[in-house]
Amino acid sequence: MLAIFLQTLPFFAVIGLGYGSGRTGFFSAEATAYLTKFVFYFALSAMLFRFSANLSLADILDWSFVGAYLAASLVVYLIATLVAFIRRLPVAEAAVEAQCAVIGNVGFLGIPMLALLLGEAAVGPVMMVLAVDLIVFGSLIVVLITGSRDGRLRPAVLATVGLGLLKNPMIVSICLGLVVSSLALPIPAPVNDFLALLGGAATPGALFAIGASLATKSAERVSVAGWLSFCKLVLHPAAVAVAALYLFKVEPYAAGVMIAAAALPVAGNVYILAQHYGVAPARVSASILISTAASILTLSGVIAWVTST
């Protein structure tokens, strides 16, 4: 585990650098917002397009893989929801807590880290995890929050969900890359070099942005945030491991990537949704902060385990 910990340490060191810059005020909240926008819309999109353009849909679409990840995630999602209901929380808050329990920072942290630590072959499985998170759970939370507020599910909500998916640059870049791949369209050398140069900024930019954004997070509601962090860092990868290795019999390498992806800390986009809808943003903020700090050890342990089996 020590060797893996030392390999993951530089990633968390860049996160720490961003955190320090944010806490000292050297990097303002406005600067963090613009850096995040640059990474989200440009650097990360270029990286995803370049990766997916060199893959075929057959390389990444494995229904046993999707079934294992989705089934395991739904189990943890339901556990977190049940605990929220036992605490007599409304549906909207339960949905946000369940989202914290299963949605990891796949885009900003998982893709760059796992591609480097587990090899570029990990990109396809990580993209499938990202697609399930965005399409299934990203839609589910919007449906549950708006449906609980309106008392019914209006067609306009489904239209909003669909439009949100179509406007998500990660989904768009992956789909465009797969189209280029399926049509066997050649990518001119200057364009490939441009994508490589721009995509190269995704890893340091995303990690720094994670740290800088954490500087604005608080650790309120620590007990609840600790429970949600436990769900995300322990229960989620454990459930995924059982589903992938024993129930769905996923190919070992892909299963290992899936388990490592499930061990990622709570994603920042959960906070964006919580803040947008005004549902427990402080709770989500604390969950992101605690899970990211704890994942320095837990994520290293999970990666060390999947690479040794």
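**View 1. Contact between helices α12 and α13 in a predicted model.** Lys232, His236, Pro237, Val240, Ala241, Ala244 and Leu245 of α12 meet Ala255, Met258, Ile259, Ala261 and Ala262 of α13, where contact means heavy atoms within 4.5 Å. By class, the contact of α12 with α13 holds ten nonpolar residues, one polar and one charged. Ala, Val, Leu, Ile, Met, Phe, Trp, Tyr, Cys and Pro count as nonpolar, Asp, Glu, Lys and Arg as charged, and the others, Gly among them, as polar. Helix α12 covers residues 222–247 and helix α13 residues 252–262; helices are DSSP runs (H or I, at least four residues) numbered from the N terminus. Axes are lines fitted to C-alpha atoms, for helices over the stretch in contact, and angles run from 0 to 180 degrees between N-to-C directions. α12 and α13 are therefore roughly antiparallel to each other; angles over 145 degrees count as roughly antiparallel, under 35 as roughly parallel, 65 to 115 as roughly perpendicular and the rest as oblique. α12 passes α13 in a right-handed crossing. A crossing is left-handed if the near helix is turned anticlockwise from the far one by less than a right angle, and right-handed if clockwise.

The model is predicted: local features need pLDDT of at least 70 and side-chain atom pairs count only at pLDDT 80 or more, whereas totals for chains, interfaces and linings use all residues. Residues are numbered from 1 along each chain as its sequence is written, and side-chain values use heavy atoms, with hydrogens and water left out.

**View 2. Packing of helix α6 with helix α11.** The axes of α6 and α11 (residues 202–214) are 9 Å apart, at an angle of about 135°. α6 and α11 are therefore oblique to each other, and α6 passes α11 in a left-handed crossing. On α6 the contact residues are Phe108, Leu109 and Pro112; on α11 they are Thr203, Ala206, Leu207 and Ile210. Six of the residues in this contact of α6 with α11 are nonpolar, one is polar and none is charged.

**View 3. Packing of helix α6 with helix α15.** α6 (residues 106–118) and α15 (residues 281–308) pack at an angle of about 35°, and their axes are 12 Å apart. The crossing of α6 past α15 is right-handed. Met113, Leu114, Leu117 and Leu118 of α6 touch Leu299, Ile303 and Thr307 of α15. The contact of α6 with α15 divides into six nonpolar residues, one polar and no charged.

**View 4. Pro281 in helix α15, and Ala280 in the loop between α14 and α15.** Pro281 is found in α15 and, at 28% relative accessibility, counts as partly exposed. Buried means under 20% relative accessible area, exposed over 50%, and partly exposed in between (1.4 Å probe, protein chains only). Not counting residues up to four places away in sequence, Pro281 touches Tyr271, Ala274 and Gln275. The C-alpha atoms of Pro281 and Lys217 are 9.6 Å apart, although the two are 64 residues apart in sequence. Ala280 lies in the loop between α14 (268–277) and α15. Ala280 is buried, with a relative accessible area of 15%, and has a positive phi of about 50° although it is not a glycine. Most residues other than glycine have a negative phi.

**View 5. Arg88 in the loop between α4 and α5.** Arg88 has a positive phi of about 65° and is not a glycine. At 77% relative accessibility, Arg88 counts as exposed.

**View 6. Phe5 in helix α1.** α1 covers residues 2–23 and contains Phe5, which is partly exposed with a relative accessible area of 21%. Leaving aside neighbours within four places in sequence, Phe5 is in contact with Ile296, Leu297 and Ser300. Phe5 and Asp59, 54 residues apart along the chain, have C-alpha atoms separated by 30 Å.

**View 7. Cysteines Cys175 and Cys231.** The structure holds zero disulfides, a disulfide being a pair of cysteine sulfur atoms within 2.5 Å. Cys231 is in no disulfide, and the nearest cysteine sulfur, that of Cys100, is 9.7 Å away. Cys231 counts as buried at 0% relative accessibility, whereas Cys175 counts as partly exposed at 42%.

Note on methods:
Helices (H or I, at least four residues) and strands (E, at least two) are DSSP runs, numbered from the N terminus.
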